[in-house]
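Welcome! Take a moment to look over the sequence and the 3D view, and then let's walk through them together.

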Amino acid sequence: MIETERQRLSAVAHVTSLMWGPIDEATLDDMVEQVASLEIGPGSRVLDLGCGPAELLRRIVERTGASGVGVDASPFALDEARARTARSSVGDRIELRLADAQQMDRRPAHDLVLCIGPGWDAGGWSELTGWTAGFVAAGGHLLLGQGSWRRVPTVGELRMLGMELGDYPPTDAVEAIVARAGVEVLWSHRASREDWDAYGERYRGAMLKFARSSPDDPIAAAARDRSGEGWRTYELLHALLDFVLLLGKPGAVASRS
Ligand SMILES: C[S@@+](CC[C@H](N)C(=O)[O-])C[C@H]1O[C@@H](n2cnc3c(N)ncnc32)[C@H](O)[C@@H]1O
């Protein structure tokens, strides 16, 4: 599948999702309030790397009065982000940029950097933390989201997923890894199994609906497969994976191990 088809498939699958991951409305609100409790306000700059529909960025800008930049490599994700910001009152304070986050210039630095579920190979938690911290201004903060193992997968499960044990750390190890990468953890949240199930329902339902309503579309076969036979792989992944959200302050190197 070519990259633009993959990007379109992702946009189709998330058409009914608030954020493009296992994050419910209450958790989204919680993240916004956590950020609002920091010194983020008018004049602050927020950067969202891999912003997708930019739901979190938009809500943070609305709540705090900051201005924001959302970066995504998918034109389909940015279309959705543009539609959502156009319906809001803060469109003039959000710049949406079609770009590869991995090629982004780190300057000017930002007061808050978001990177929730990077859609590229961002490395493990340590690499993601170190890399995103490079975009943060002195005294600023990071809000990250990525997977971790809820339980140790068996060799057979890893083979079925085409993954390796080292692809993720166990959930319990995430905070210590982030702290070792030089970021003081201020708040964290772990997606529940219900969050994954609800996300999976939305994702699968949107794929099924699309495959039925647009059977001749070039991505219809992929949508059919991923909501049918291929769905078993996703179910297994959701059973094994956590999704951890974490707010931190770079520069305060903690010695937790
Ligand atoms: C799992 S989604 C998360 C979106 C958003 N952060 C959210 O939580 O709603 C991952 C996003 O990363 C984007 N992406 C993938 N590779 C990228 C790259 N190299 N540069 C920028 N964005 C990228 C995808 O297009 C997608 O929108």
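Helix H4 (residues 75-86) lies across strand E2 (67-72) and strand E3, running at about 165° to E3. Helices (H or I, at least four residues) and strands (E, at least two) are DSSP runs, numbered from the N terminus. For the angle, axes are lines fitted to C-alpha atoms, for helices over the stretch in contact, and values run from 0 to 180 degrees between N-to-C directions.

Before going on, please note that this is a predicted model, where local features need pLDDT of at least 70 and side-chain atom pairs count only at pLDDT 80 or more, while totals for chains, interfaces and linings use all residues. Residues are numbered from 1 along each chain as its sequence is written.

## The sheet

Seven strands form an open sheet with mixed pairing, in the order E3-E2-E1-E4-E5-E7-E6. At its edges are strand E3 (94-98) and strand E6 (183-190), each pairing on one side only. Two strands pair if DSSP finds at least two bridges between them. On average, neighbouring strands of this sheet are turned by 15° against each other, direction ignored.

Further in, strand E1 (residues 45-49) and strand E4 (residues 110-116) pair in the parallel sense over three bridges. Asp48 has Leu114 in E4 as its bridge partner.

Leaving aside neighbours within four places in sequence, Arg45 is in contact with Ala66, Ser67, His110 and Asp111; contact means that the C-beta atoms, placed from the backbone, lie within 7 Å. The C-alpha atoms of Arg45 and Ser67 are separated by 5.2 Å, although these residues are 22 apart along the chain.

Asp242 sits in strand E7 (residues 241-250). Asp242 is buried because 23 other C-beta atoms lie within 10 Å. Not counting residues up to four places away in sequence, Asp242 touches Gly147, Ser148, Arg150, Thr171, Arg190 and Ala191.

## The nonpolar core

The largest nonpolar core has 62 residues, and among those with the most contacts inside it are Val46, Leu114 and Ala223. Such a core is a set of buried Ala, Val, Leu, Ile, Met, Phe, Trp, Tyr and Cys residues joined through C-beta atoms within 7 Å. In soluble globular proteins, nonpolar side chains tend to be buried together.

Technical notes. Two residues are in contact if their C-beta atoms, placed from the backbone, lie within 7 Å. A residue is buried if 20 or more other C-beta atoms lie within 10 Å of its own, exposed if 12 or fewer, and partly exposed in between; C-beta atoms are placed from the backbone.
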